[in-house]
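Dear colleague,

I am handing over the structure below, together with some notes on what was found in it. Could you read the notes with the structure open beside them?

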Amino acid sequence: MTTEVDLPAFPMTRTCPYHPPQGYAGLREQGAFAKVRLLGDREAWVVTDHAVARALLVDPRLSSDRLRPDFPVLVPRMSAAKLVPLVGMDPPVHTQRRRMLIPAFTVRRTEALRPDIERVVTDRLDAVVREGPPADLVPGFALPVPSTVICRLLGVPYADHEFFETQTQRMVLGSSSAGEAAAASVALTDYVDALIGEKQADPGEGLLDELIASHLATGEITRRELAETIMFLLVAGHETTANMITMSVIALLDNPAQLARLRADWRLLPGAVDELLRFLSVADEIQRVVAEPIEIAGRTLQPGDAVYLPASAANRDPAVFPDPDALDVTRRARQHLGFGYGIHQCLGQNLARVEVEVSLRGLFTRLPTLALAEPLSGLPVKPGGSVQGVYRLPVTW
Ligand code: HEM
């Protein structure tokens, strides 16, 4: 890449929590690719075109390997994350790890959890109603629902939720320092490692117990590798979904005509969840590094080039999603990149869909007069380089 002086800095932070950063419009004007400047003055490509993003996400010449010295660093916390299981790995190790986990995340397995998820949602809503109005739905609802669910699935005690939620924030927030993120990642892995020891002595129920009995017992994976993998599932399993539930509530309250359509016909819900995944793009910064030259859309990407494929850019591509800045719960949005695409496409997407569906239907049915208790413009948004969301969701009813 040639050096250019006036490149926009990346990542950019959103002003409205549910719209992409304002600077993305200028990037899109430049065509499928735009050049930006990262931390440490490094340049990177940002892909704004849906078709090009999809083509790149299935191209094996792009690497996800965070252990590569040329892997880009978007925010300081990422310089600490030298080992990121699954999403930060390339085949063949990625293939082996993912294959081990797939059976636990099929549509059938996750649909079987639906009644349990409904009970979790009902219990949380009971508590919200007991204690409010007003209420902050982040700690009261959007966070504990996916935290409880992922704990049960993995076999991790929910009693430890304050510890792992706090450490997760330190690990994933764009504002964390490298030291904070590194310490949090080690603390979480050590925590799961200790849990493996306890479970070996006294087996329980859950995916972790199953993997101890199968893959750890046969030596297919080491204890530390298993701890890292489960740590990642624990983090990915609650943080993204909590932001997705929070932001879905905000987007629907802020688009009352769309909420009314949904309330009038809950059969629209599965499609509406896809549209919300498109519209909100909470897991925004999908990142790769070029391993071998790639010619695409009139560009040649060179080895070592950093490539960002923000979900919110591809998901607002007007060539694929007409009137992309409008939330439309009847839109056919299934080809969105809200869960990524290709070999790293979200492993937990079936589970996340069920959690978001059950949470939204439960909440809006139980509290028909739900409203934001503060103006949306007053809610600080999480910085670029984080899963996108807000820290608080003050509501009344
Ligand atoms: C609405 C909630 C969620 C969203 C928006 C989301 C989004 C994403 C995205 C965009 C990726 C791809 C990243 C990339 O290609 O670089 C991804 C990967 C992943 N997600 Fe999710 N996710 C959600 C919920 C979950 C849940 C509940 C789990 C459960 C454990 C989970 C586990 C994973 C895993 C393990 C990967 C890595 C897969 C791989 O590399 O093979 N996610 N997610």
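Predicted model: local features only at pLDDT ≥ 70, side-chain atom pairs only at ≥ 80, totals over all residues.

I begin with the ligand. Helix H4 (93-101) and helix H12 (223-254) each supply at least two residues of the shell around the ligand, and the largest share of that shell, 7 residues, comes from H12. There are 26 residues around the ligand, of which His-94, Arg-98, Arg-288, His-344 and Cys-346 come nearest. By residue class, the shell divides into 16 nonpolar, 8 polar and 2 charged residues.

Which protein atom is the donor to the iron atom of the ligand? The single donor from the protein is SG of Cys-346, at 2.3 Å, and Cys-346 has its place in the loop between helix H15 (311-314) and helix H16 (349-366).

A polar side-chain atom of His-344 lies 2.6 Å from an oxygen atom of the ligand, and a polar side-chain atom of Arg-98 lies 2.7 Å from an oxygen atom of the ligand.

Turning to the sheets, an open sheet of 5 strands with mixed pairing has the order E1-E2-E8-E5-E3. Strand E1 (33-37) and strand E3 (62-63) each have a single partner strand and stand at the edges, so one side of each is left without a neighbour in the sheet. Within this sheet, strand E5 (residues 287-290) and strand E8 (residues 306-308) run antiparallel and are joined by 3 bridges, with Val-289 standing opposite Ala-306 in E8. Helix H2 (residues 50-57) lies across E1, strand E2 (43-47), E3, E5 and E8, and runs at about 115° to E2.

An open sheet of 3 strands, with antiparallel pairing, has the order E4-E10-E9. Here strand E4 (135-136) and strand E9 (371-372) stand at the edges with a single partner strand each, and therefore one side of each is left without a neighbour in the sheet. E9 pairs with strand E10 (residues 394-396) in the antiparallel sense over 2 bridges, and Ala-371 stands opposite Thr-396 in E10.

With best wishes

Definitions and conventions:
Residues numbered from 1 in each chain as written. Heavy atoms only, no water. Near = heavy atom within 4 Å. Polar contact = N/O pair within 3.5 Å; in protein donor to acceptor, adjacent residues only side chain to side chain. Helix = DSSP H or I, 4+ residues; strand = E, 2+ residues; numbered from the N terminus. Nonpolar A, V, L, I, M, F, W, Y, C, P; charged D, E, K, R; others polar. Donors = N, O, S within 2.8 Å, 3.2 Å for Na, K, Ca; no water. Pairing = 2+ DSSP bridges. Contact = heavy atoms within 4.5 Å. Axes fitted to C-alpha atoms, helices over the stretch in contact; angles between N-to-C directions.
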